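Visitor: I have a complex to go through with you. Can we start with where the chains meet?

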Amino acid sequence: MAYFRSHVLVSIDPICIDKGAYELIDALHDELVKQGLIDEVQVLETSRIGDPESEGPDLMVYPEGVHYTNLSLEDVPFLVEEHFLKGRIAAQYTREAKEIADKELSAPQAKEMRIVLKNVGEIDPLNIEEYIARDGYMALGKVLTEMTPEETIQEVLESGLRGRGGAGFPTGLKWRFIRDAEGDQKYMICNADEGDPGAFANRSVQEGDPHSVVEGMIIAAYAAGASQGYIYVRAEYPIAVRTMRIAIDQARSFGLLGDNILGSDFSFDLDVRMGAGAFVCGEETALMASIEGKRGEPRPRPPFPAQKGLWHNPSNINNVETFAIVPQIILNGAMWFANIGHEKSTGTKTFSMAGDVKNTGLIEVPFGITLREIIYDVGGGIKEDKKFKAVQTGGPMGGCLPEEFLHLPMDYEALEQAGSILGSGGLVVMDEDTCMVDIARFFMEFTQEESCGKCTPCRIGTRRILEILTRICEGKGKPEDIVTLRLLCEQINENSLCGLGKGAPNPVKSTLDHFLDEYEVHILEKRCPAKICKPLIRFEIIDGPCTGCTLCARNCPVDAIFGERRQTHVIDPDICIKCGICEQICPYDAIEIK
Amino acid sequence: MSTIKSLDDLKKIREEALKKQQIKESSGKTEVIVGMGTVGIAAGARETLKAILETIEKENLSDIIVRQTGNIGLDSYEPIVQVAVSGKDKVSYGKVNPEMAQRIIKEHVVEGEIISEYQIKG
């Protein structure tokens, strides 16, 4: 691959295109050719850079991280000469110096764009005044004084906002359904039952900026005509429960919840309901059953919650993140939001990045960014610079995608086509030392345990899959297992009652599709290439490097290592429990896993 | 605390809150901000916060505001402590244990020397 010393990223969001971004790219290219720099400087297209007020077209130059804006075609020759030939920053075209300093400070998140997380980590979540100082509750004020409920719905609809819980249903449409439904009592519910292992975005929003969720819910309730709301949080999130409760109390004492909010004739109140942490209670019908005090089990739809929800009244459920975005859409306008993102997925999405990636943590990026950009540019690449193997998106019901999918733009449709889901935005990155069969078994163990047991395909099907996968990992797999697995995946997906069962086969199906060779090696050769599945590996001491220091023998918990001092030791495979202590402790790297 | 009865009331409260923030910023007080989300606490932010408060008390320091915030997103660097000396940009320190917290208070907050080896950088 050619080595470029500089990369120019030209923003091609609709506003910049309108202002001539493509012409700018052509002009840059021509000028670089003219000045003989085309082999050193690469011109790339990117999504929106910077803040929505910028004039455009915008471009960023890396590695310096200089942001040029408001460029005309006449400026290009001068800019190329100054910046790339002479190496001086053409200050007259840059954004203010302070903004560049801010960017450097948050260097790991250079590609990030924070809308939901705007205040998280910036304000004191327990102080409503800090939220109000940052335009908090101004959107509510705008809605209550200037907009009708119908206009509010229209605004959210035009913004293209889709449910951030994973299914991606247009939020405005959902609100219209409940508004049009008949009934005197309507409910607005916030799904904060973030159950995916490795997902923590909703928790961070609740802990860091609880008022954005409260404000979003009041606006939604006004649009939908709801008078009571519930935030359903899992009891495993004690800090989130506490911050939400404090936020609700503060909002109530400020008169932002209760009767006649801001002097209008609209009244709404909120309460927190705690869940006991069952994964299935993130499913909307199970969630409502749980709020009602019943067993948390899903029921068939229709009737949909908008017609018959909580206590048989029209109800609407949105995710924490969806509500937290709403005030920003009202404040900045539907078009502002619609211009961020990619095709049918507008705006930004938070992702909880975990696994074998350098910068684990919470990020927020515009839709359309590629998986590669997320993992390598935002996440800093794979730990210990190992090789990337797969990334699992969307929690335990998502698929594992191999390297060929790294170019994929992150949006609802692209991920679904690739056999995975966006889900709640969990991203688990796996390196070359991961056994994909073991990973599939791990996720199946989770869904099998969390299956509520109401419908047969999910209750029994997931158990059968788990049994087969466990067998394969133990080296007892049969060649026909692969066919059986595929059949089970298909049937569970088609026949299950709720999203849990429908999504449960995804990790198995995607690993079968993309890592079939690993299954075959496990079944036919009884080998685990990643050396993870314990029954398929054995520890041996290599003759040469072993000095007979006896360290391993002294530390073996089951006394499986024998040998004389200063002589090569031997591991008895019948006693060895494959705990790996000897390998970690050996100073001469004499232990080999086979 | 007064109830907000109209949009104008809300705007008034916003102005007051902004004014309070400006006074805080121009007062010359230094802000020490500790990330106290679940991740921060799990990584030991409570001990770090305790060490900060103890150091401030022991050294008899005044004009320092210690406050908490949520998770800024850099989980692998928790516990995170941010120091904002008025008028200057925030400096973020990562993986701050109680001993480091002591040093940050003594060297950065008191003497104004940024401890670059603790700083989170790209």
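Guide: In this predicted model, 36 residues of chain A are in contact with 28 residues of chain B; contact here is C-beta atoms, placed from the backbone, within 7 Å.

Visitor: Which elements of chain A each supply at least two residues to that side?

Guide: They are α4 (97-105), α5 (128-133), α6 (138-146), α9 (201-208), α11 (238-253) and β12 (361-366). Helices (H or I, at least four residues) and strands (E, at least two) are DSSP runs, numbered from the N terminus.

Visitor: How does that side of chain A divide into nonpolar, polar and charged?

Guide: There are 17 nonpolar, 12 polar and seven charged residues. Asp, Glu, Lys and Arg count as charged, Ala, Val, Leu, Ile, Met, Phe, Trp, Tyr, Cys and Pro as nonpolar, and the others, Gly among them, as polar.

Visitor: What ipTM does the predictor give the complex?

Guide: The ipTM is 0.73, with a pTM of 0.77.

Visitor: Switching to chain B, how many helices and strands?

Guide: Four helices and four strands, in the order α-β-α-α-β-β-β-α from the N terminus.

Visitor: And what box do its C-alpha atoms fill?

Guide: Roughly 50 × 30 × 30 Å, taken along the principal axes. Of the 122 residues in chain B, 37% are buried, that is, with 20 or more other C-beta atoms within 10 Å of their own C-beta, placed from the backbone.

Visitor: Numbering and cut-offs?

Guide: Residues count from 1 along each chain as its sequence is written, while chains are lettered from A and ligands numbered from 1 in the order written. Local features need pLDDT of at least 70 and side-chain atom pairs 80 or more, whereas totals for chains, interfaces and linings use all residues.

How values were computed. Contact = placed C-beta atoms within 7 Å. Buried ≥ 20, exposed ≤ 12 C-beta atoms within 10 Å, placed from the backbone.
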